[in-house]
Amino acid sequence: MKHPSSREFFAYWDAKRGDARAPDRSEIEPGAVRELLGDIFVLSYDNEAGYPFRVAGTRVCALLGHDLKDTSFSALFTPDSRREIEDIISYVAEEMLAAIAGIAATSQDGATAHLELLLLPFNHRAHAPISLTGLLAPFENDLGTIRDFKVTSWRYLHRPQKLVPRALRKLAIARGFMVYEGLR
């Protein structure tokens with residue numbers, strides 16, 4: 001993660017989840033991430049509606065020039081990037097893995113703006129709609145309104161695996177030739 005806001009929000013989310021794959025939505029306290037609220041949003045996991053915004057921070061709304069409630073998130077992306085962002089969102093929500101993406105957008109004056117997108121899942125609850133949260137942070141200041149998002153890079157943030165020492169077993173295959181087979 002390149003943007004300090006992304007690192008801070010991910011660290012908070014990671015602390016809240018503890019040993020779980022993701023925290024419950026009710027565990028995220030807005031007051032704890034007060035400085036980041038302008039960049040944070042919550043999406044509804046509804047493919048048919050284009051993953052609409054449930055809520056979006058003031059800075060995100062200002063970047064896009066209007067209130068985003070019930071607006072399709074995937075519609076912000078160009079047609080060639082739309083399927084890619086929808087696949088990323090699906091994987092984040094269904095597999096409960098965080099994702100980070102580099103985004104290029106077009107500003108009012110036609111210049112290219114660079115942003116970082118962090119997508120984080122919430123734990124699934126019975127009889128409740130699936131949702132996920134995220135953060136959209138621009139690297140430049142005073143962009144004005146932006147449009148035509150394109151995914152430039154992305155990766156999933158896997159939890160580090162604990163290394164288990166492997167047991168070695170020595171097999172005598174032929175005279176003078178030894179094979180060491182690794183076991184877990």
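Trainee: Is Asp-148 buried, exposed or partly exposed, and how do I read that?

Mentor: This is a predicted model, and the class is read from the relative accessible area of the residue, with under 20% counted as buried and over 50% as exposed. Asp-148 has a relative accessibility of 37%, so it counts as partly exposed.

Trainee: Which side chain does Asp-148 meet in a salt bridge?

Mentor: The general idea is a distance rule: a side-chain nitrogen of Lys or Arg must come within 4 Å of a carboxyl oxygen of Asp or Glu. Here the partner of Asp-148 is Arg-147, at 3.6 Å from N to O. Arg-147 counts as partly exposed too, because its relative accessibility is 43%.

Trainee: How many salt bridges does the rule give?

Mentor: The count comes to 5.

Trainee: Where in the fold do Arg-83 and Glu-86 lie?

Mentor: Both lie in helix α3, 3 residues apart, which is about one turn of the helix. Arg-83 and Asp-87 also lie in helix α3, 4 residues apart, again about one turn.

Trainee: Is Arg-83 buried or exposed? And which class does Glu-86 fall into?

Mentor: Apply the cut-offs to each residue in turn. Arg-83 has a relative accessible area of 53%, so it is exposed. Glu-86 is at 14% and therefore counts as buried. Asp-87 is at 37%, so it counts as partly exposed.

Trainee: How many aromatic pairs are found in the whole structure?

Mentor: The search finds 9. To classify a pair, look at the angle between the ring planes: under 30 degrees is stacked, over 60 is edge-to-face, and the rest are tilted. Take Tyr-91 and Tyr-156: their ring centres are 4.5 Å apart and their planes are at 40°, so the pair is tilted. This pair links distant parts of the chain, with Tyr-91 in helix α3 and Tyr-156 in strand β6 (residues 146-157), 65 residues apart. Tyr-91 is partly exposed at 34% relative accessibility, whereas Tyr-156 is buried at 19%. Tyr-156 also pairs with Trp-154; here the centres are 5.0 Å apart and the planes are at 70°, so the pair is edge-to-face. Trp-154 is partly exposed at 38%.

Trainee: Which residues form one aromatic cluster?

Mentor: The cluster consists of Phe-41, Phe-53, Phe-73, Phe-77 and Phe-149.

Trainee: Now a loop residue. Where does Ser-72 lie, and is Ser-72 buried or exposed?

Mentor: Ser-72 is in the loop between α2 (58-64) and α3 (79-95). Its relative accessible area is 17%, so Ser-72 is buried.

Trainee: What lies 3.1 Å from a polar atom of the side chain of Ser-72?

Mentor: For such a polar contact, look for a pair of N or O atoms within 3.5 Å. The atom at 3.1 Å is the backbone oxygen of Gly-50. The backbone nitrogen of Ala-75 lies 3.2 Å from a polar atom of the Ser-72 side chain.

Trainee: Which residues is Ser-72 in contact with, leaving aside its neighbours within four places in sequence?

Mentor: Ser-72 then contacts Ala-49, Gly-50, Tyr-51 and Pro-52.

How values were computed:
Residues are numbered from 1 along each chain as its sequence is written. This is a predicted model: local features need pLDDT of at least 70, side-chain atom pairs count only at pLDDT 80 or more; totals for chains, interfaces and linings use all residues. Side-chain values use heavy atoms; hydrogens and water are left out. Helices (H or I, at least four residues) and strands (E, at least two) are DSSP runs, numbered from the N terminus. Buried means under 20% relative accessible area, exposed over 50%, partly exposed in between (1.4 Å probe, protein chains only). A polar contact is a pair of N or O atoms within 3.5 Å; within protein, one must be able to donate a hydrogen and the other to accept it, and residues adjacent in sequence count only if both atoms are side-chain atoms. Contact means heavy atoms within 4.5 Å. Rings of Phe, Tyr and Trp (its six-membered ring) pair if their centres lie within 6.5 Å; planes under 30 degrees apart count as stacked, over 60 as edge-to-face and the rest as tilted.
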